[in-house]
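Subject: Structure handover

Dear colleague,

Please find the structure below, with the sequence alongside. My notes on what was found follow after it.

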Amino acid sequence: MPMPQPTPGVSDLPLAQQDNGSLNETALLQTKVTDLRSRLRAMELKFEEPNECGADNGSDGDVCQICHNPNQVKFQCGHGACKRCGELLKKCPLCKTQIMQLSSLNAAPKSPDGPNTMRKAENADAIYDAMSNEDKDFVMKIVALGFSKSQTARTVKRHGRNIRLVVEFLSVLDAICSEGFPEDRAEEALQLHDNDQKSAHDFLKLWSHFEQFGFKENDIKRELIVHGNAEEKVLAALTKEK
């Protein structure tokens, strides 16, 4: 009669299993993103060669990516910002090019409804309805994988019919939102950090942290970008402004 085998202790487990018990918050989030990205392989079998046409960045290019007010200055890379943010930024928030010079633009009047009007007006149904039939078909195929129609439509509008770029953006966004961050803020953080999950996550945590102290939203975002999410430097800058 075979002897029963003893239950292995933690030290007897493979290293990979031991490590799973000590994953930190960032590693857990990364694991979730990796699982979500596995959808991409299955989806690529259903699509034709990615079509990178169809991106429409017009509205995003006309407003400051930090505060969403109209652009007043232009960088040498062709992108721009409002005057206040442009004078503080060291790199373009869109393409990350080092800012060497600023040129003035004829600034449009500020919207009476506030800096976030553009984002609120960017209704998902209106975006979808204005799309070509090819873009609509692309959106619905992505939606069939479990992503929301509104977010998919906005992402395709911004990035075009690039299957890998769209699915990776949506997958990371899904993972960050699962941590409790609002979708619109998570989307903005990912755009500002080139879809880098950790940087966007840190940005959102600090944004919420400083907001609790009564600092203004646009001031927080601007200083976080200028100082690369360095908490002490951002706090010093915000305190000085206040």
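**Cysteines**

A search of the whole structure finds zero disulfides. Please keep in mind that this is a predicted model. A disulfide is a covalent bond between the sulfur atoms of two cysteines, and here a pair counts as one when the sulfur atoms lie within 2.5 Å. The sulfur of C64 has its closest cysteine sulfur in C67, at 3.8 Å, which is too far for a bond. C67 is in no disulfide either: for C67 the nearest cysteine sulfur is that of C82, 3.6 Å away. Is C64 buried or exposed? C64 counts as buried because its relative accessibility is 0%. C67 is buried as well, with a relative accessible area of 4%.

**Overall make-up**

The protein chain holds 13 helices and three strands. Of its 242 residues, 38% are buried. Taking contacts in the chain between residues at least 6 apart in sequence, 56% of them join residues at least 24 apart.

**The sheet**

The three strands form an open sheet in the order β2-β1-β3, and the pairing is antiparallel. β2 (80-81) and β3 (102-104) are the edge strands, each pairing on one side only. Strand β1, residues 73-75, is joined to β3 by three bridges, and the two run antiparallel. Which residue of β3 stands opposite K74? It is S103. As background, strands of a sheet pair through backbone hydrogen bonds, either parallel or antiparallel.

Helix α7 (residues 133-143) packs with helix α8 (residues 149-159) at an angle of about 135°, and their axes are 9 Å apart. That angle makes α7 oblique to α8. The crossing of the two helices, α7 and α8, is right-handed. On the α7 side the residues that meet α8 are F138, V139, I142 and V143. Their partners in α8 are K149, T152, A153 and V156. For reading such lists, an α-helix has 3.6 residues a turn, so residues three or four places apart point the same way.

A153 also comes up in another pair: its C-alpha atom is separated by 9.6 Å from that of D129, and the two residues are 24 apart along the chain. D129 sits in helix α6, residues 124-129. D129 is exposed, because its relative accessible area is 54% and the cut-off for exposed is over 50%.

Helix α10 (residues 183-192) is mostly covered, with eight of its ten residues buried. Those buried in α10 are R185, A186, E187, E188, A189, L190, Q191 and L192.

In α12 the buried residues are N218, D219, I220, K221, R222, E223, L224 and V226. Just after α12, G228 takes a positive phi of about 60°.

**Backbone angles**

Most residues other than glycine have a negative phi, and most peptide bonds are trans. Which way does the phi of H68 go, positive or negative? H68 is not a glycine, yet its phi is positive, at about 65°. H68 lies in the loop between α3 (58-61) and β1. With 7% relative accessibility, H68 counts as buried.

D194, likewise not a glycine, has a positive phi of about 50°. D194 is partly exposed, with a relative accessible area of 48%.

**One more pair**

L165 and N195 are 30 residues apart along the chain, and their C-alpha atoms are separated by 9.4 Å. L165 belongs to helix α9, residues 163-177. Is L165 buried, partly exposed or exposed? L165 is partly exposed, at a relative accessible area of 36%.

Regards

How values were computed:
Residues numbered from 1 in each chain as written. Predicted model: local features only at pLDDT ≥ 70, side-chain atom pairs only at ≥ 80, totals over all residues. Heavy atoms only, no water. Pairing = 2+ DSSP bridges. Helix = DSSP H or I, 4+ residues; strand = E, 2+ residues; numbered from the N terminus. Buried < 20%, exposed > 50% of the residue type's maximum accessible area, 1.4 Å probe, protein only. Axes fitted to C-alpha atoms, helices over the stretch in contact; angles between N-to-C directions. Parallel < 35°, antiparallel > 145°, perpendicular 65-115°, else oblique. Left-handed = near helix turned anticlockwise from the far one by under 90°. Contact = heavy atoms within 4.5 Å.
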